[in-house]
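Here is a short walk through one protein chain. Keep the 3D view open and follow each stop in turn.

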Amino acid sequence: MTVEAPDNERRDEGTKRRILVLSAAALAVLLVGAAIGMLITLSVVRQASPPSAESVDVGFAQDMQVHHLQAVTMANWARDHTDDLTVKQLAFDIEQTQLGQVGAMSGWLDVWDQPEQNPEGTYMSWMAGASHGHTSTAESAGVRAMPGMATSQEIAKLRTLTGRELDVYFLQLMLRHHQGGLEMSAYANKHAATPQVRNLSDKVVKGQTAEITLFTDMLTERGAKPL
(Lines give C-alpha, C1' and ligand atoms only; values in the text may rest on other atoms or scores of the structure.)
Protein backbone atom coordinates (compact mmCIF):
# COMPACT_ATOMS: atom_id res chain seq x y z
CA MET A 1 0.00 0.00 0.00
CA THR A 2 1.34 3.45 -0.96
CA VAL A 3 1.25 6.17 1.69
CA GLU A 4 1.06 9.69 0.32
CA ALA A 5 3.10 12.44 1.95
CA PRO A 6 1.13 15.16 3.75
CA ASP A 7 0.34 18.32 1.77
CA ASN A 8 2.76 20.46 3.78
CA GLU A 9 5.63 18.06 3.06
CA ARG A 10 4.86 18.13 -0.66
CA ARG A 11 4.80 21.94 -0.57
CA ASP A 12 8.14 22.02 1.24
CA GLU A 13 9.68 19.71 -1.35
CA GLY A 14 8.28 21.86 -4.14
CA THR A 15 9.76 24.99 -2.56
CA LYS A 16 13.16 23.33 -2.19
CA ARG A 17 13.13 22.24 -5.83
CA ARG A 18 12.15 25.75 -6.95
CA ILE A 19 14.99 27.31 -4.94
CA LEU A 20 17.49 24.84 -6.43
CA VAL A 21 16.27 25.57 -9.95
CA LEU A 22 16.49 29.35 -9.42
CA SER A 23 19.96 29.06 -7.87
CA ALA A 24 21.17 26.93 -10.77
CA ALA A 25 19.71 29.41 -13.26
CA ALA A 26 21.44 32.34 -11.53
CA LEU A 27 24.77 30.51 -11.55
CA ALA A 28 24.33 29.67 -15.23
CA VAL A 29 23.67 33.34 -16.06
CA LEU A 30 26.79 34.39 -14.15
CA LEU A 31 28.99 31.79 -15.88
CA VAL A 32 27.64 32.57 -19.34
CA GLY A 33 28.23 36.28 -18.75
CA ALA A 34 31.80 35.63 -17.67
CA ALA A 35 32.46 33.43 -20.70
CA ILE A 36 31.05 36.03 -23.09
CA GLY A 37 33.01 38.78 -21.36
CA MET A 38 36.25 36.82 -21.71
CA LEU A 39 35.65 36.01 -25.38
CA ILE A 40 34.85 39.61 -26.28
CA THR A 41 37.81 40.90 -24.31
CA LEU A 42 40.24 38.38 -25.82
CA SER A 43 39.33 39.57 -29.31
CA VAL A 44 40.08 43.16 -28.31
CA VAL A 45 43.24 42.44 -26.30
CA ARG A 46 44.87 40.92 -29.37
CA GLN A 47 44.69 44.36 -30.97
CA ALA A 48 45.50 46.64 -28.02
CA SER A 49 47.17 46.69 -24.63
CA PRO A 50 44.85 45.97 -21.69
CA PRO A 51 43.82 48.91 -19.49
CA SER A 52 45.88 49.71 -16.41
CA ALA A 53 44.83 49.21 -12.80
CA GLU A 54 44.20 52.97 -12.46
CA SER A 55 42.02 53.20 -15.57
CA VAL A 56 38.34 54.03 -15.73
CA ASP A 57 37.77 50.66 -17.41
CA VAL A 58 39.21 48.57 -14.57
CA GLY A 59 37.73 50.77 -11.85
CA PHE A 60 34.28 50.62 -13.41
CA ALA A 61 34.40 46.83 -13.78
CA GLN A 62 35.55 46.36 -10.18
CA ASP A 63 33.13 48.78 -8.55
CA MET A 64 30.11 48.07 -10.73
CA GLN A 65 30.37 44.39 -9.82
CA VAL A 66 30.00 45.34 -6.15
CA HIS A 67 27.18 47.74 -7.00
CA HIS A 68 25.33 45.16 -9.10
CA LEU A 69 25.72 42.39 -6.53
CA GLN A 70 24.00 44.49 -3.88
CA ALA A 71 21.10 44.99 -6.29
CA VAL A 72 21.01 41.22 -6.81
CA THR A 73 20.91 40.69 -3.04
CA MET A 74 17.94 43.04 -2.66
CA ALA A 75 16.18 41.59 -5.70
CA ASN A 76 16.63 38.03 -4.42
CA TRP A 77 15.00 38.94 -1.13
CA ALA A 78 12.10 40.78 -2.74
CA ARG A 79 11.52 37.99 -5.25
CA ASP A 80 11.30 35.35 -2.53
CA HIS A 81 9.20 37.35 -0.04
CA THR A 82 6.81 39.57 -1.97
CA ASP A 83 3.18 38.62 -2.60
CA ASP A 84 2.98 41.04 -5.55
CA LEU A 85 3.51 39.20 -8.85
CA THR A 86 4.60 42.40 -10.62
CA VAL A 87 7.29 43.06 -8.02
CA LYS A 88 8.33 39.40 -8.11
CA GLN A 89 8.82 39.49 -11.90
CA LEU A 90 10.65 42.81 -11.69
CA ALA A 91 13.01 41.46 -9.02
CA PHE A 92 13.71 38.36 -11.11
CA ASP A 93 14.49 40.49 -14.19
CA ILE A 94 16.88 42.69 -12.20
CA GLU A 95 18.65 39.65 -10.80
CA GLN A 96 19.14 37.98 -14.18
CA THR A 97 20.24 41.14 -16.00
CA GLN A 98 22.74 42.24 -13.39
CA LEU A 99 24.19 38.76 -12.81
CA GLY A 100 24.87 38.51 -16.54
CA GLN A 101 26.63 41.87 -16.49
CA VAL A 102 28.64 40.90 -13.41
CA GLY A 103 29.80 37.80 -15.25
CA ALA A 104 30.91 39.89 -18.22
CA MET A 105 32.87 42.33 -16.05
CA SER A 106 34.48 39.47 -14.15
CA GLY A 107 35.60 38.01 -17.48
CA TRP A 108 37.18 41.30 -18.54
CA LEU A 109 39.13 41.61 -15.30
CA ASP A 110 40.39 38.06 -15.63
CA VAL A 111 41.67 38.68 -19.17
CA TRP A 112 43.19 42.01 -18.12
CA ASP A 113 44.95 40.21 -15.24
CA GLN A 114 43.29 42.51 -12.71
CA PRO A 115 41.73 41.55 -9.34
CA GLU A 116 37.97 41.41 -8.84
CA GLN A 117 38.19 44.34 -6.41
CA ASN A 118 40.62 47.16 -5.81
CA PRO A 119 43.39 45.63 -3.64
CA GLU A 120 43.59 48.85 -1.61
CA GLY A 121 39.99 48.39 -0.53
CA THR A 122 38.88 51.75 -1.90
CA TYR A 123 36.03 52.61 -4.24
CA MET A 124 35.36 55.25 -6.87
CA SER A 125 38.93 56.52 -7.36
CA TRP A 126 38.34 56.19 -11.12
CA MET A 127 35.60 58.83 -10.78
CA ALA A 128 37.77 61.19 -8.75
CA GLY A 129 36.84 64.16 -10.90
CA ALA A 130 33.08 63.59 -10.68
CA SER A 131 30.70 64.90 -8.04
CA HIS A 132 28.34 62.25 -6.73
CA GLY A 133 27.68 63.26 -3.14
CA HIS A 134 23.97 63.70 -3.71
CA THR A 135 23.44 59.96 -4.13
CA SER A 136 26.15 58.56 -1.86
CA THR A 137 25.45 56.73 1.35
CA ALA A 138 27.49 57.41 4.48
CA GLU A 139 31.23 56.96 4.27
CA SER A 140 32.74 54.12 6.27
CA ALA A 141 36.28 53.92 7.64
CA GLY A 142 37.44 56.62 5.25
CA VAL A 143 36.25 54.70 2.18
CA ARG A 144 33.99 56.76 -0.05
CA ALA A 145 30.76 54.87 -0.65
CA MET A 146 29.52 54.20 -4.15
CA PRO A 147 26.52 56.30 -5.20
CA GLY A 148 23.12 54.80 -4.53
CA MET A 149 24.31 51.96 -2.31
CA ALA A 150 22.04 50.90 0.54
CA THR A 151 23.50 50.81 4.03
CA SER A 152 23.64 47.62 6.07
CA GLN A 153 20.89 49.08 8.26
CA GLU A 154 18.66 49.62 5.23
CA ILE A 155 19.22 46.05 4.02
CA ALA A 156 18.39 44.79 7.52
CA LYS A 157 15.20 46.87 7.54
CA LEU A 158 14.16 45.49 4.14
CA ARG A 159 14.36 41.98 5.57
CA THR A 160 11.96 42.83 8.40
CA LEU A 161 9.15 44.05 6.14
CA THR A 162 6.25 42.22 4.54
CA GLY A 163 3.41 42.95 2.15
CA ARG A 164 3.03 46.46 0.76
CA GLU A 165 5.74 47.85 3.06
CA LEU A 166 8.27 45.40 1.63
CA ASP A 167 7.31 46.22 -1.96
CA VAL A 168 7.48 49.98 -1.43
CA TYR A 169 10.80 49.93 0.42
CA PHE A 170 12.34 47.61 -2.18
CA LEU A 171 11.25 49.97 -4.98
CA GLN A 172 12.57 52.99 -3.06
CA LEU A 173 15.97 51.39 -2.43
CA MET A 174 16.23 50.10 -5.98
CA LEU A 175 15.28 53.48 -7.44
CA ARG A 176 18.07 55.21 -5.53
CA HIS A 177 20.43 52.34 -6.36
CA HIS A 178 19.73 52.70 -10.08
CA GLN A 179 20.24 56.47 -9.91
CA GLY A 180 23.71 55.86 -8.49
CA GLY A 181 24.50 53.15 -11.03
CA LEU A 182 23.32 55.45 -13.80
CA GLU A 183 25.80 58.11 -12.70
CA MET A 184 28.67 55.61 -12.63
CA SER A 185 27.75 54.16 -16.02
CA ALA A 186 27.35 57.54 -17.71
CA TYR A 187 30.84 58.51 -16.54
CA ALA A 188 32.32 55.22 -17.77
CA ASN A 189 30.53 55.55 -21.10
CA LYS A 190 32.14 58.94 -21.61
CA HIS A 191 35.65 58.21 -20.30
CA ALA A 192 36.38 54.48 -20.78
CA ALA A 193 38.98 53.50 -23.37
CA THR A 194 37.77 50.00 -24.27
CA PRO A 195 34.75 49.39 -26.51
CA GLN A 196 33.34 46.63 -24.31
CA VAL A 197 33.13 48.94 -21.28
CA ARG A 198 31.59 51.71 -23.36
CA ASN A 199 29.06 49.28 -24.84
CA LEU A 200 28.04 47.77 -21.50
CA SER A 201 27.85 51.13 -19.76
CA ASP A 202 25.63 52.38 -22.58
CA LYS A 203 23.29 49.42 -22.06
CA VAL A 204 23.20 50.11 -18.32
CA VAL A 205 22.38 53.78 -18.91
CA LYS A 206 19.52 52.95 -21.27
CA GLY A 207 18.16 50.05 -19.24
CA GLN A 208 18.30 51.73 -15.86
CA THR A 209 16.88 54.99 -17.19
CA ALA A 210 13.80 53.05 -18.30
CA GLU A 211 13.62 51.16 -15.00
CA ILE A 212 13.89 54.36 -12.97
CA THR A 213 10.73 55.57 -14.70
CA LEU A 214 9.10 52.20 -14.01
CA PHE A 215 10.05 52.25 -10.31
CA THR A 216 8.71 55.79 -9.95
CA ASP A 217 5.41 54.83 -11.58
CA MET A 218 5.09 51.73 -9.39
CA LEU A 219 5.68 53.80 -6.26
CA THR A 220 3.01 56.28 -7.37
CA GLU A 221 0.56 53.42 -7.95
CA ARG A 222 1.21 52.30 -4.36
CA GLY A 223 0.77 55.78 -2.92
CA ALA A 224 4.47 56.20 -2.10
CA LYS A 225 7.34 58.51 -3.04
CA PRO A 226 11.10 58.05 -3.56
CA LEU A 227 13.37 58.20 -0.51
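How many aromatic pairs does the count come to? The answer is three aromatic pairs. Bear in mind that the model is predicted.

Start with Phe60 and Trp126. Their ring centres lie 5.9 Å apart, and their planes stand at 85 degrees. Planes over 60 degrees apart count as edge-to-face, so this pair is edge-to-face. The pair also links distant parts of the chain. Phe60 belongs to helix 2, which covers residues 56–81. Trp126 sits in the loop between helix 3 (85–111) and helix 4 (152–158). The two residues are 66 residues apart.

The cut-off for buried is under 20%.

Now turn to another pair, formed by Trp108 and Trp112. Here the centres are 6.0 Å apart, with 35 degrees between the planes. This pair is tilted. Both Trp108 and Trp112 are buried.

Lys157 lies over the face of Tyr169, 4.5 Å from the ring centre. Arg159 lies over the face of Trp77, and there the distance to the ring centre is 5.6 Å.

Step back to the whole chain. Along the sequence, the pattern reads α-α-α-α-α-α. The chain has 227 residues, and buried residues make up 44% of them. Consider next the contacts with a separation of 6 or more. Residues 24 or more positions apart account for 75% of these contacts.

How do the helices pack? Two packed helices are described by the angle between their axes and the distance between the axes. Take helix 2 and helix 5, the latter spanning residues 163–191. They pack at an angle of about 165 degrees, with their axes 11 Å apart. Angles over 145 degrees count as roughly antiparallel. Helix 2 and helix 5 are therefore roughly antiparallel to each other. Their crossing is left-handed.

Which residues meet between helix 2 and helix 5? On the helix 2 side they include Phe60, Met64, His67, Met74 and Trp77. On the helix 5 side they include Phe170, Met174, His177, Met184 and Tyr187.

Helix 5 has another partner in helix 6, residues 195–221. Their axes come within 8 Å and cross at roughly 155 degrees. That makes helix 5 roughly antiparallel to helix 6. This crossing, too, is left-handed.

Is Gln101 buried or exposed? Gln101 is buried, because its relative accessible area is 12% and the cut-off is under 20%. What does Gln101 touch, leaving out residues up to four places away in sequence? Its contacts are His68, Leu200 and Val204.

Terms used. Residues numbered from 1 in each chain as written. Predicted model: local features only at pLDDT ≥ 70, side-chain atom pairs only at ≥ 80, totals over all residues. Heavy atoms only, no water. Phe/Tyr/Trp six-rings, centres within 6.5 Å; stacked < 30°, edge-to-face > 60°. Helix = DSSP H or I, 4+ residues; strand = E, 2+ residues; numbered from the N terminus. Buried < 20%, exposed > 50% of the residue type's maximum accessible area, 1.4 Å probe, protein only. Lys NZ or Arg CZ within 6 Å of the ring centre and 35° of its normal. Axes fitted to C-alpha atoms, helices over the stretch in contact; angles between N-to-C directions. Parallel < 35°, antiparallel > 145°, perpendicular 65-115°, else oblique. Left-handed = near helix turned anticlockwise from the far one by under 90°. Contact = heavy atoms within 4.5 Å.
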